[in-house]
Amino acid sequence: MKSFQGKAVSWELVEGVVELALHREPLNEIGSETLLELEKFVEDIEGTEPAALIIYSKLAGGFSAGADLRELYQRMQGQPAFEQLEGVRNFLERIHRVLNKIDGAPLTTIAAVHGVCFGGGLEVALACDLIVADKMARFCFPELSLGLIPGFGGVPRLKRDVGNAMVRDLLLTGRSLNAQRASSAGLVSQLAAEGEALQVARATAAQVRKFDRQAVTAAKRFIKPIPMEDLRREIEVFCDLFPRPAVQEGLKRFVESTAALPYLP
């Protein structure tokens, strides 16, 4: 597997572990550019033999603020409603394909999280087998403030991984969780000191490398089924909600916000 340096993401193979870095300013918003490079990544990794994958952010602010809402809003302008919806559905289906491949990859996948891990960023982390978070990390699904639900597969994966009370709290209130509470709920597998999430993830990957690959793959497939039916239903619910005026108004408020960090709840 060759290393790659893109505008939004980059990756390299280090001692049998692939490290995928997110580095799109201002805070790893996931738009068309990031999606194209993630699609290239899942193509490049297919058929290779790394023992583990670590996904992390090079940006000081955090892991990811979620979907690129400004790009989404700008692309909607001047388009007929049916073309807007077709574009949204196409984007969701593409990001689902990428995250499903990461979710089901025959290697151990680790998200090393610090700072903000919101919306689509949390959905990327949830596709991984393990989440390592530094003590200052925060997790949130703020989509209801836009009149939407998460659309990158977050709800089915959250339902798979944690209890119903936590799912409802994150989804219905839009409140953020600190790393300690996320760990107590089972969302985070390991807590790290501030700034140490990547180092802990690397140590975990080194431990994974000691085990037989076939046994690890079999164990993962047994304990981590991909909720395909719920994932398909999530896209349908999102697309049902998207054309409503409340969503257009929510996106407009976000884009026109003068707040330094408008994605914060």
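Residues are numbered from 1 along each chain as its sequence is written, and side-chain values use heavy atoms, with hydrogens and water left out. Because the model is predicted, local features need pLDDT of at least 70 and side-chain atom pairs count only at pLDDT 80 or more, whereas totals for chains, interfaces and linings use all residues.

**Exercise 1. Determine the strand order of the seven-stranded sheet and identify its edges.**

Solution. Helices (H or I, at least four residues) and strands (E, at least two) are DSSP runs, numbered from the N terminus. Two strands pair if DSSP finds at least two bridges between them.

Step 1. The order is E1-E2-E3-E4-E6-E8-E11, in an open sheet with mixed pairing.

Step 2. Strand E1 (4-5) and E11 each have a single partner strand, so one side of each lacks a neighbour in the sheet.

Step 3. E1 runs antiparallel to E2, with two bridges between them; Phe-4 has Trp-11 in E2 as its bridge partner. A hairpin with three residues between the strands is formed by E1 and E2.

Step 4. Six bridges pair E2 with E3 in the antiparallel sense, and Val-14 is opposite Val-17 in E3. The hairpin of E2 and E3 has two residues between the strands, and Glu-15 there takes a positive phi near 50°.

Step 5. At the other end of the order, E8 and E11 run parallel and are joined by three bridges. Ala-133 has Leu-191 in E11 as its bridge partner.

**Exercise 2. Describe the four-stranded sheet and its edge strands.**

Solution. Step 1. The sheet is open and mixed, in the order E5-E7-E9-E10.

Step 1. Strand E5 (62-64) and strand E10 (177-178) are the edge strands, each pairing on one side only.

Step 2. E5 pairs with strand E7 (residues 116-118) in the parallel sense over two bridges, and Ser-64 is opposite Cys-117 in E7.

**Exercise 3. Characterise the surroundings of His-23.**

Solution. Step 1. His-23 lies in the loop between E3 and helix H1 (32-45).

Step 1. Its relative accessibility is 15%, so His-23 counts as buried.

Step 2. A polar contact is a pair of N or O atoms within 3.5 Å; within protein, one must be able to donate a hydrogen and the other to accept it, and residues adjacent in sequence count only if both atoms are side-chain atoms. The His-23 side chain has such a contact of 3.2 Å with the side chain of Ser-10 and reaches the backbone oxygen of Val-9 at 3.5 Å.

Step 3. Apart from neighbours within four places in sequence, the contacts of His-23 (heavy atoms within 4.5 Å) include Gln-5, Gly-6, Asn-28, Lys-58 and Leu-59.

How values were computed. Buried < 20%, exposed > 50% of the residue type's maximum accessible area, 1.4 Å probe, protein only.
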